[in-house]
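Okay, thanks everyone for coming. Let me put the sequence and the structure up, and then I'll walk you through a few spots.

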Amino acid sequence: MDCGKHKYKQPIILVDPTASRAARFNKLSSTLENRKNLNRLKTPDRSKPDSGELSWTTSGRAKNHDRCKSPSVSYWSFYRTLPADVCGVNCFLDSPVIRERRGEETKKRHEVTSHIAVVACGPRLEETLIMLKSALLFSKKPLHFHIFAENELHDSFRYALPSWPAGVRTKFNFTIYPITFPTENEKEWKKLFKPCASQRLFLPLILKELDSLLYVDTDILFLQPVENIWALLSEFNGSQVAGMAPEHEEPRIGWYNRFGRHPYYGKTGINSGVMLMNMTRLRERLFKNDMTSVTLRWKEILVPLLQKYKLNITWGDQDLLNIIFHHNPESLYVFPCQWNYRPDHCIYGSNCQEADKDGVFILHGNRAAYHDDKQPAFRAIYEAFKEYSFGDNMTTSLLQPLEESLQKTTHTYCGRVSHLLIKRLKHSIMSVEQIR
């Protein structure tokens, strides 16, 4: 807040207008110092984001939060009602010098913090928590989780995340958001493909203060530090607004090029399960389209795109992203398949050359690969992360049991290349254990 930009003309505390400015300041400061424990709203509004930074309180006062920017708690300050020439203690805190210094500190933190968004609806609580767990195991830099979930899941996340060990909690913050769609066609958006999946399309419009974001599906497992994929943002050229991996490497088994009934990116389309975004560019870019000769911003293109193609799309929001980047290929950064490795990359024999060379960086167990018997190698990796407890030796409690389980999957194509599935994981575990 800026004392020079008050909303009301009348000060809340009466001060003699004939007194000198110094006297008025001293009188006001003395009065304010005696007014402790300002009231604030203590009951969270479930329709607004709930910040994980406010999970712990002491004597009713939240810790580790920016009181002016907290999305969860509403504050009201005396200072915003004061005239410009009469200020209290906050005038020092909100002075240009302090604001600049505070801004530099915030900027530095944002530069090293990776922001991860996930959308959880229905029976996706466990999957989401294990995904977040995998992100924390190997990352050396702080993380901020932006969790979009149905209201029924909010309390479960609020209970689970703060219950993790203290050493782990220092590595991340989290914010919980309700599922929200435009009032126009709200039901259509919510039911598109899977419940709530299309929420990802609206992240640039909801998280307006974020410059960059990594969106991942709930069925993702990080096999190396999150900051490694976050670093790909620096490889974007001036035109690129988002990064995704191809849907397929082998056209003969591609879906879009064989069955798609709408435009798609490149030869085989793109998969949106791992989506790296420069949110600022996404919000500002004008996108070419096949609905009008006029270029449209992100907030303008989504609804008409759904209306035009809703009878022709199978994979929901992913199809809409394919259509957008089909017409704007220069805006997409395509990263290799090892950043979004799915059963399709090994079910018909290994067809991800980058993974053959360097291993799998991010595992994507789409189509319930973690929960049925069709892909036992994927399920074994998921179960290993699930059973591992924070703080245990990763070699003996995670890697060795996993290797034993994978030996039982060699009758499957993916099981035969299980050494590729855990190649990068071994490296990540070794790095963590050396630090310990």
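Let's start at C196. Is C196 buried or exposed? With a relative accessibility of 0%, under the 20% cut-off, C196 counts as buried. Bear in mind, here and throughout, that this is a predicted model. C196 sits in a loop, the one between α7 and α8, where α8 covers residues 203-206. So what is around C196? Skip the neighbours within four places in sequence, and C196 is in contact with V119, C121, E150, I179, F181 and K190. One more pair for this spot: G122 and C196 are 74 residues apart in sequence, yet their C-alpha atoms are 9.1 Å apart in space.

Let me zoom out for a second. The chain has 436 residues, and 50% of them count as buried. For secondary structure, we have 19 helices and 12 strands. And if you take the contacts in the chain with a separation of 6 or more, 72% of them are between residues 24 or more positions apart.

Okay, on to the strands, and please look at β7, residues 212-216. How many of the residues of β7 are buried? That would be 5 of 5, so β7 is mostly covered, with buried here being under 20% relative accessible area. Now, in a regular strand, side chains alternate between the two faces of the sheet. For β7, you find S212, L214 and V216 on one side, and L213 and Y215 on the other, and all of these are buried. In other words, both faces of β7 are covered.

Which strands does β7 pair with? One of them is β4, residues 114-120: β4 and β7 run parallel and are joined by 2 bridges. Within that pairing, I116 has L214 of β7 as its bridge partner. Then there is β10, residues 270-278, which pairs with β7 in the antiparallel sense, over 5 bridges. Here L214 comes up again, with L276 in β10 as its bridge partner. Y215, for its part, is partnered with M275 of β10.

While we're on β10: this strand is mostly covered too, with 9 of its 9 residues buried. β10 is also joined to β9 by 4 bridges, and those two strands run antiparallel. If you want a landmark there, P246 stands opposite I270 in β10.

Now for the helices. Take α12, residues 298-309, and α13, residues 317-327. Their axes are 11 Å apart, and the helices pack at an angle of about 115°. That angle is why α12 and α13 are described as roughly perpendicular to each other. As for handedness, the crossing of α12 and α13 is right-handed. Who makes the contact? From α12 you have W298, I301, L302, L305, L306 and Y309, and from α13 you have L320, L321, I323 and I324. Sort the residues of this contact by class and you get 10 nonpolar, no polar and no charged.

Staying with α13, 9 of its 11 residues are buried, so it's a mostly covered helix, again with buried as under 20% relative accessible area. The buried ones are D317, Q318, D319, L320, L321, N322, I323, I324 and F325. And what covers them? The list includes α7 (186-191), β9 (242-246), α10 (256-259), β10, α12 and β11 (332-334).

Last stop, another helix pair: α4, residues 125-138, and α15, residues 376-387. Their axes come within 10 Å and cross at roughly 75°. That angle makes α4 roughly perpendicular to α15. On the α4 side, the contact is made by E126, E127, I130, K133, S134, L137 and F138, and on the α15 side by Y382, F385 and K386. What's the breakdown by class in the contact of α4 with α15? We get 5 nonpolar, 1 polar and 4 charged residues.

And α4 is mostly covered as well, with 12 of its 14 residues buried. Among the buried ones are E127, I130, K133, S134, L137 and F138, and these also take part in the contact with α15. Okay, that's my tour, happy to go back to any of these spots.

Methods. Residues numbered from 1 in each chain as written. Predicted model: local features only at pLDDT ≥ 70, side-chain atom pairs only at ≥ 80, totals over all residues. Heavy atoms only, no water. Buried < 20%, exposed > 50% of the residue type's maximum accessible area, 1.4 Å probe, protein only. Pairing = 2+ DSSP bridges. Axes fitted to C-alpha atoms, helices over the stretch in contact; angles between N-to-C directions. Parallel < 35°, antiparallel > 145°, perpendicular 65-115°, else oblique. Left-handed = near helix turned anticlockwise from the far one by under 90°. Contact = heavy atoms within 4.5 Å. Nonpolar A, V, L, I, M, F, W, Y, C, P; charged D, E, K, R; others polar.
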